[in-house]
Amino acid sequence: MGFLNRFMASRLSYLFIIFLVALSYVSTNRIVWAEAEVYLADGVTPLSQAPELSDEKLPLLFVHGHNFLNANDEDFNFRKNWHDPHNGLPSFKLALDLPDNDWLYIEPYYIRFQNQKRSIVEDAGEIAWAVEHILHRHDSNYEPFTLNPSTNVKVVIIAFSKGTISSRLYLKSLQEQQYNLPLPRNGFNPVSEFIAISPPNHGFASSNIFTSRNHALSQLNNCKSKNCLLNLDCGTTNNFGEINNFIENLNGHPITDTRPDPTNPNWSLGEYPGEAPGSRRNNDSLPSEGTLYVTMYADNDENGMARDYVGGRDPSEDCQGRILARNLAPDAMNIVIPQIPNQPPVELSPLIDALIDAEDRLKFSVHQNSVHTPEVICNALYTAVRHQAPPEGFTCQTTGNNVPILPPPGIVLLFDTSGSMSWKHDGTVGVPTNEQRLTLAKNAAYPFMEMLRDHNEGKMNFGIATFPTHPWDFMAGCKAQEITPMTLVSDTSTNTAITNTISGLVAEGNTPLLAGISSGIGMFGHESKRAIVLLSDGYHNCPSRVDIGNTEVTNIINQLKTESIRVFTIGFGRPADIDYPLLEALASETGGRFEPVTTAANFDPTSWNPATALDEAYKSILKDALGLQTAVDPLGAIKGGEKVTRKVMINKNDKKVSFFLSWVTPRKGRLGFRVKSADGQAVATTSSTPGISFHEGETYKIITVDKSFLKLPGKVGSSPWIIEINAGDNVNNEKYQYSVIMDSVLEMNTTFDKKSYGTGDVITISATITEAGRPVSGLKDISVKVTRPEEGTGNWFALNKVNVDDLKKIPEKGGDESLSPLIRKGILLTEIRKIAFPAQLSPVTIQLYDDGKHGDNNASDGIYANQFPDTKKEGTYSFYFQATGTTMMGNAFEREDVVHKYINVNVTLETIEVSVVRLPAVKDTLNQFMIVITPKDALGNYLGPRYSKMIKLATSHGKFIDVLQNNLDGTYSQVLQLPTTVNIKEVVLKVDIKGETLPVSLVEKLEKSKM
C-alpha cells in the first residue's frame, strides 16, 4: 500500500505539473486567443463563414503592409496591397483569378490589421491565430493551439513591408519564446515558405513625423530617429515588444553589423542565421525540413543607391545601418527585381508630402509599386507552388493588362522508336507485335498517363517526342520529332495520348538518341519545373557512336543542367546492347533517376518479367517526378484460381492513394483486383463513386482514392487496408506487379553521398522518415537490400575473345538499324556461344542506423544510414529500401523505394597499362610501333571496349596514323610512325583518358614489353 500511495502521489503531482504548464500556456499567451480578421479570396467573406473546401488547395496567407493614410485601416489596406491594381500595375488577386493560372490550386487568405499604431507583436499574434485556423480549415482533425500538433498541411506566407516583420516575428516565435506570443511546440513549424516583398529587414530611417506616437513605426526604426539623435517611443516593457532595439532583437545580432566601417577596408557583410530561424536551404532540401525564406526587393539606381526606402542588396550609410532589405541568413534566398517603376511620385497627404523630399517620394513610390510589379508576383507565386525559389532568369508571360501567367511544370515522354524497338526484349528479330519492345513500352506508358492525370490533372503540361523521325529516311535519319506539343494534363489530353498518340508509334530506323534529347529540350517553353522521361534500347548510333566524355555528350548534359531539366532514363532491352554509362550519367548529373530494365535485379528473380518490370520503372519515375511515396511495390506470379492477399497501412497523413496492378498477357480484366478500406468495405470502382477514380487497360488496373473518400468515417484507421488479386481458372502462372503510391506528408527520402561512383568506392546510404515535416526517430525496422553484379561488364567483354572471322557471323544490320562491332560481339557471345551476360548476385541486407556511427553524423537526428563497401565490380547496383514502423503520432506506415546506380570502372593514371610492340619499318625511313593501351582500375577491372573516343594518344616525335583501334577486348591500339633519324630515347608518349594525361617513355615501354 505504501508503494501504491507513493505511486499515486507522484502520479497526481505529475498531473498537477501538467495542469500548471497548460494553465501557464494559456495565461501567458493571451494575444493568441484574440481572433484575427481574416478574409477569403473575395476579400469580403470572413474565415469564420468559410464553406467546406471542395478540393485540396495550397493555403496562402497574405499579410499587408502599414497603412500610412488611415490609422484604423478603414480603407482596407490589404485590398490596396493585394486586390486592387495600382498605377497601371496588376495585383496578386488578378493573377490568381486568371484562368491560365488555375493550375496553381491556391486557396488565398487575407489578414487585416485595424490598429496601425499598435505593437508589431500584436500583429504577429494575429498571424499565429490566422495560421492555426487556416490549418483547421484544411485539416478538420487539426485543433488550433493544441500542445501536441499534427497535421499534413503547411501554409505559405507572402508579406509586404511592415507585414514581413510581423511575419518574421511569428516565425521566430515558432522556434523560441517571443514576448507573450504562443510557446514553441516540439519543433512544430506549419509554414513551408515565407516570401518577403520590400521588407525593412534591418529597419529604416523614416522622418519623425511617421513615428510620433506610433509603436509599430518606432519599432521599425529600431527605436531611433532618422539621424539616431533621439530615442523614439518604444517604451520599456517587454510585453508587446515595446522595448528598445526591436529590430536588433528580432535579427539576433547588433544592428550596427550592417553599417559599413569606413576605417576597415576589408569590411563586408556577415551571415546571421538569426534572421531566418527554422529555415531550410533552397532546392537541396524539402519543404518538410523547415521554412524557405525568399526576399524580393528593388535594384539599385545608376549611382548604386537603393531605389526603395527600405533598402536593397547593399548596406547604407545610415547611423545604424538600417536601410538594408536583404536577409543575411545563410539559407535565405534574395532576389533583386529590376525596373520596379518609381512613377508617379507617391502621394500620401498634403502635409506629409510637403515634409518629404523628392528623392524620398520616388523611393516611396518604388516601395508601393513593388507589390504590384508583374515580376514580383511571378516570382512569389512560383516560390509558393514549387516550394523553391525560381531559377536565375526565370520570367512569366503576361496578358495585355500585364497580369503574369505562371508556367506550370512540364514533362516530356521521349520514346526510342528505332528499328530495334521492334525486336523482342532478348533481341530476337521478327516477333509478333505483342512481343515487341515498343509494344511493351506503350503498354507501360498507358498507366503512366492515367496516374499522371489522377495526381496532376490541371497542374502540369506534358509532351511526347520520338527518335528518329517517321516515316524514316536513311539520308535524313538522324533527327527526332515532336509528336504531341506541350499541353495541360486533362481528361481529354491524356485520353488522346493513350488512344491515339502513343498507340500509333512505330519502330524503324537508327538511334539518334542525342537528337531526341535535343528535341525534348526544345519542347519546353516557360514550364517552371522540367523533366524528360527517356526510354531507349541501345546506343546512340546516328550519325555516329558517342561515349561518355565526348564533347557531344558533355554539351548536352551541360545544356540540361543549365535549363534545369531532370532526365529520367530507362534502359530497356538486351543487357549487352544498353549504354548504361550514358543513361546513368544523363540521370545522375541532372538529378533524375536511372532505371535499367534488362535483367532481374535479383530481389525476386522468379517473378521478374520485362513487361511488368517496365511498368514498375515508369511508375517509379512518375513517383519521383511528382514527389509521391511508395508503400508496397512487389513483383509476383499467380496461378489459375489463386488469390493473393496483402495488407497495407494507410494513415491520416495520406492525401491521395493509387493502387496499381499490371500483368504481362494483354487481356482486359485478366486479373481481378479489389481493395478494401480499413472498415472492411470494398472500394467501389464505378465512375459515379465520389472520391474514386478507376482505370483499366489491356494490362493494368488503377484505383485512386482522394481526400474526400479517405476522410469518410472508418476509411482510415488502425486496421490495414486489404489488397486482393484474383486469377481466373484459365490463367496460367501470370506474372504481375502491384504498387501502392500516395501523395503524403509521411515521407521517406533516400539519399546517397555522391552523384556517381567508381569501383572500390564506399557508398554511404541514408534514409529519412518525416511526418508533417518532423523527422521520425527511434525506428528499428529500416533497411536496404543490395544486389550487385557477379562480374564487370568490361571484364566480360575483355575476357571473352572473338576474332574477325567470328564477328562476320553476325550481320552488320538488324532490320534497318546498323549494329556496331561491340553490339555484334555481344550477340555472338550470348546467342551463338551461349555465354550469359553478367547477372546479379543474391541480395545482401544492410540495416540502417541512427546512432551517429554508420555515416549518419549525429545520433537520434532522424537520419538512418550505413555504408556499403563491396563495389569491386562494374555494373548495376540496386538498392531496395524498406521502412516500417509507427510514428510519434501513432500512425503505422510502410514505405519502399528502389534506386539503381551504375558503378563505373575507377581508372586512374597509375593503373593504366601501356605496352609497345615494334612493327616492320617502312622503307628503312620510318620505324613503326604499335602502342597498346589497357585501361584498368586498382582492382584489375578492365574499363572495357566502350570508350575509344575517351582515349587520345599524342607523341613528342613522329606521328600516329589511322585512328585509335578498339580491339573489343578492353585494349586500344594505334600505330606510331617515327623517322629513323629520331632517337627513341627522346620520344615521350602522352596517353589522355578522361581528361587526364599520362606521360610515357617509348623506350622504357618497349624494353619492358620484350621482357
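This note goes through the disulfides of the predicted model one by one.

1. The model is predicted, so local features need pLDDT of at least 70 and side-chain atom pairs count only at pLDDT 80 or more, while totals for chains, interfaces and linings use all residues. Residues are numbered from 1 along each chain as its sequence is written, and side-chain values use heavy atoms, with hydrogens and water left out.

2. Taking a disulfide as a pair of cysteine sulfur atoms within 2.5 Å, the count comes to 3 disulfides.

3. Cys228 and Cys319 are joined with their sulfur atoms 1.8 Å apart, and the link is right-handed, with 75 degrees about the S-S bond. The pair links distant parts of the chain, 91 residues apart: Cys228 lies in the loop between helix 7 (215–220) and helix 8 (246–251), and Cys319 in the loop between strand 6 (292–298) and strand 7 (333–337). Helices (H or I, at least four residues) and strands (E, at least two) are DSSP runs, numbered from the N terminus. Cys228 is partly exposed at a relative accessible area of 24%, and Cys319 is partly exposed at 21%; here buried means under 20% relative accessible area, exposed over 50%, and partly exposed in between (1.4 Å probe, protein chains only).

4. Cys378 and Cys396 form a disulfide with an S to S distance of 2.0 Å, right-handed at 80 degrees about the S-S bond. Cys378 sits in helix 11 (residues 374–386), whereas Cys396 sits in the loop between helix 11 and strand 8 (397–398). Both cysteines, Cys378 and Cys396, are buried.

5. Cys478 and Cys542 have their sulfur atoms 1.8 Å apart in a disulfide, which is left-handed because the torsion about the S-S bond is about -85 degrees. Cys478 is partly exposed, with a relative accessible area of 29%, whereas Cys542 is buried at 5% relative accessibility.
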